[in-house]
Amino acid sequence: MELHKINSIPLSFHEGSILSRMGGKKMIKVSQRIKKLMRKAENDIKRDAEPKALFRISWVERKNGSLLVSNQTLKSRKLVKLFSSCDRAAVFLLTLGKNVDRLIQKTMKKRSCYGYVLDAAASVAAESMASYLQKYVERRLDEEESLTLRYSPGYCDWPLREQSKIFKILPNEQIGVSMSESYLMTPRKSISGIIGICPSDSLMDGGNVCLGCKNTNCVFRRN
């Protein structure tokens, strides 16, 4: 089905999310110095980022305990269960661009403390892109349709090696993203994944497989 490319995506930052990425809990316990570094990181990332995204809406079939999407077999029992009433899915890939990676690497060598803050802020910025993309897709649905939450290779029981199948569905070179032999992406601040499209009245657990998972201590858990 038709490929969609977004060449400009607004970035947003939440200090609490940046702090969480750094292992903190409450902003009140953070020094003014760290808060200042967070604000600097936001400005530096916005200056250097080249946020881009690709997504393709594809038909979905369930076959032999797997999902068949654009002739690629995705192996995850949890996704099969979540997509039980979905007939389509949005397969996506997004990135902050190579300049943010270079900025982080350069800063880590000279000012490791600020580099750590910068890395956390860049992760939050990438997640904000994914949220924007999800809303972008949602606005194009019919009124009676809804989206599941987005899921990426490496989450739940979906193996990281499945990343290679997303790269077969999407022309990753169009936004400058590549994948290593260990299935990690470059630039590092990139996200790939899939979002199910279902009739609103049949969406299981609000589209969140985490609600049916017993691992309540998972760092990726979404309540």
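## Close-up views of a predicted model

Cys-156 is partly exposed, with a relative accessible area of 43%, in this model, which is predicted.

**View 1. The cysteines and the disulfide of the chain**. Because Cys-86 lies in the loop between helix H3 (77–82) and strand E5 (88–95), while Cys-198 belongs to strand E9 (residues 190–199), the pair ties together parts that are 112 residues apart in sequence. Cys-86 is buried, with a relative accessible area of 1%, and Cys-198 is likewise buried, its relative accessible area being 1%.

View 2. Helix H2 (residues 32–48) comprises 17 residues and reaches 24 Å from its first C-alpha to its last, which is close to the 24 Å expected at 1.5 Å a residue.

**View 3. The largest nonpolar core and the surroundings of Phe-55**. This core has 43 residues, of which Leu-11, Ile-18, Ile-45, Phe-55, Leu-94 and Leu-96 touch the most other members. Two or more residues each are given to the core by H1, H2, strand E2 (52–63), E5, H4, H5 and E9, and H5 gives the most, with 14 residues. A second, separate core of 24 residues includes Phe-167, Ile-169, Ile-175 and Val-177. If residues up to four places away in sequence are not counted, Phe-55 touches Glu-2, Leu-3, His-4, Ile-6, Val-91, Phe-92, Leu-133, Tyr-136, Val-137 and Leu-170.

**View 4. The cis peptide bond from Thr-186 to Pro-187**. Most peptide bonds are trans. The bond from Thr-186 to Pro-187, however, is cis, with omega near 0 degrees, and Pro-187 is found in the loop between strand E8 (185–186) and E9.

**View 5. Positive phi at Asn-64 and Tyr-183**. Most residues other than glycine have a negative phi. Asn-64 has a positive phi, near 55 degrees, and its place is in the loop between E2 and strand E3 (66–69), where Asn-64 counts as exposed at 76% relative accessibility. Tyr-183 also has a positive phi, near 70 degrees, and lies in the loop between strand E7 (178–179) and E8; because the exposed class begins only over 50%, Tyr-183, at 30% relative accessibility, counts as partly exposed.

**View 6. The whole chain, as context for the close-ups.** The chain has six helices and nine strands, and buried residues make up 49% of its 223 residues. Among the contacts in the chain with a separation of 6 or more, residues 24 or more positions apart account for 74%. The chain exposes about 12100 Å², of which carbon and sulfur atoms supply 47%.

Methods: Residues numbered from 1 in each chain as written. Predicted model: local features only at pLDDT ≥ 70, side-chain atom pairs only at ≥ 80, totals over all residues. Heavy atoms only, no water. Disulfide = S-S within 2.5 Å. Helix = DSSP H or I, 4+ residues; strand = E, 2+ residues; numbered from the N terminus. Buried < 20%, exposed > 50% of the residue type's maximum accessible area, 1.4 Å probe, protein only. Expected span 1.5 Å × (residues − 1). Core = buried A, V, L, I, M, F, W, Y, C linked by side-chain atoms within 4.5 Å. Contact = heavy atoms within 4.5 Å. Areas by Shrake-Rupley, 256 points an atom, 1.4 Å probe, with all protein chains shown as cover.
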